[in-house]
Amino acid sequence: MSDDTAPHLARIADALERLAPPARPAPDFAAARLFRYEAEREAFIAAPDYGLALDLLVGVDRQKARFVENLHRFARGLPSNHVLLWGSRGAGKSSLAKAGFMAVGATHAALRMVEIDRDDVAALPGLFERLRGAGERFVVLCDDLSFEEGASAAKSLKSALEGGVAGPPENALFVATSNRRHLMPRDHVESRGLIATAEDAEEEVSVSDRFGLWIGFPPMDQPAYLAAIHTYADRFGLDVRDLERRALQWSQLRGSRSGRVAWQFIRDLAGELEKPLPL
């Protein structure tokens with residue numbers, strides 16, 4: 001290379017460097033225990049700790065024990081399975097995921113939770129690559145997962161959980177909640193034809209096979225609902241007459257019994273009595 005061309009090449013290299021996008025800053029996972037992942041910006045947004053204690057989830061003792069056991073194994077670096085929490089709405093699936101994480105994280109300082117929106121499932125492989133090699137261990141949560149847009153999102157999730165040469169990182173555990181056992185959309189586009197529709201259905205159903213641990217949440221019966229009400233009322237000192245009658249009237253107005261409905265009644269009652277709650 002002649003002395004005349006060297007300055008020109010140096011200027012070209014400088015110009016290319018200025019045009020290149022800036023390097024992404026390394027996430028500061030010491031800033032919090034819970035994070036929300038914004039796929040468009042590839043950013044980790046710190047979130048406050050989840051305030052609902054695990055022992056306040058009533059009527060799901062079997063589900064709590066199985067989920068927490070698997071999470072303890074993951075936190076200790078032992079073999080564990082990706083988890084699908086599925087079942088009736090308001091049964092406590094999301095609450096169990098977050099409260100269980102907080103309970104296990106209390107004894108495992110390196111445990112973190114990263115929540116990704118269900119509309120950003122296609123970004124999951126990229127998120128896993130961001131987490132690969134980090135010193136922390138990550139529970140990646142996708143709440144209310146389903147595939148309304150068809151098979152493309154299902155393929156992205158399958159690729160993230162099992163596909164590719166690298167596979168999912170050893171330090172990431174994927175947890176999804178869904179009202180549907182097989183994450184299916186409510187209907188299929190019949191105009192695409194029976195064969196295409198059947199292939200989409202097979203693609204979407206096969207995603208649930210990637211979860212090694214399925215934990216189901218059946219509808220809450222009346223005794224379990226009232227037990228939840230009493231547990232909350234005792235914990236927060238909400239002493240009123242006719243507690244059960246009022247709680248049942250509340251559920252009748254809502255047309256359902258669930259952990260969510262019980263908590264909403266307790267929030268209303270605490271507001272009436274002017275008493276604070278953790279959430």
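Strands β3 and β7 run parallel and are joined by five bridges. Here two strands count as paired if DSSP finds at least two bridges between them. Helices (H or I, at least four residues) and strands (E, at least two) are DSSP runs, numbered from the N terminus. Across this pair, Leu84 stands opposite Trp214 in β7. Strand β7 is mostly covered, with four of its five residues buried. Buried means under 20% relative accessible area, exposed over 50%, and partly exposed in between (1.4 Å probe, protein chains only).

This is a predicted model, in which local features need pLDDT of at least 70 and side-chain atom pairs count only at pLDDT 80 or more, while totals for chains, interfaces and linings use all residues. Residues are numbered from 1 along each chain as its sequence is written, and side-chain values use heavy atoms, with hydrogens and water left out.

Axes are lines fitted to C-alpha atoms, for helices over the stretch in contact, and angles run from 0 to 180 degrees between N-to-C directions.

Strand β1 (residues 34–38) pairs with β4 (residues 111–116) in the parallel sense, over four bridges. Phe35 has Val114 as its bridge partner in β4.

Contact means heavy atoms within 4.5 Å.

Stay with α3. Ser94 lies in this helix. Its relative accessible area is 18%, so Ser94 is buried. Neighbours within four places in sequence aside, Ser94 is in contact with Asp143 and Thr177.

Gly90 sits in the loop between β3 and α3. Gly90 counts as buried, at 6% relative accessibility. Leaving aside neighbours within four places in sequence, Gly90 is in contact with Ser258, Gly259 and Arg260. Gly90 and Phe217 are 127 residues apart in sequence but 9.5 Å apart in space, C-alpha to C-alpha.

Helix α3 also meets another helix. Helix α2 (residues 61–75) packs with α3 at about 50 degrees, their axes 10 Å apart. The two are therefore oblique to each other. Angles under 35 degrees count as roughly parallel, over 145 as roughly antiparallel, 65 to 115 as roughly perpendicular and the rest as oblique. From α2, the contact uses Gln63, Lys64, Phe67, Val68, Leu71, His72 and Ala75; from α3, Leu96, Ala97, Gly100, Phe101 and Val104. These residues divide into eight nonpolar, three polar and one charged. Ala, Val, Leu, Ile, Met, Phe, Trp, Tyr, Cys and Pro count as nonpolar, Asp, Glu, Lys and Arg as charged, and the others, Gly among them, as polar.

One more helix pair remains to be described. Helix α8 (residues 243–254) and helix α9 (residues 259–273) pack at about 120 degrees, with axes 10 Å apart. That makes α8 oblique to α9. Among the residues in contact are Trp250 and Arg254 in α8, and Phe265 and Glu272 in α9. By class, this contact has six nonpolar, two polar and four charged residues.
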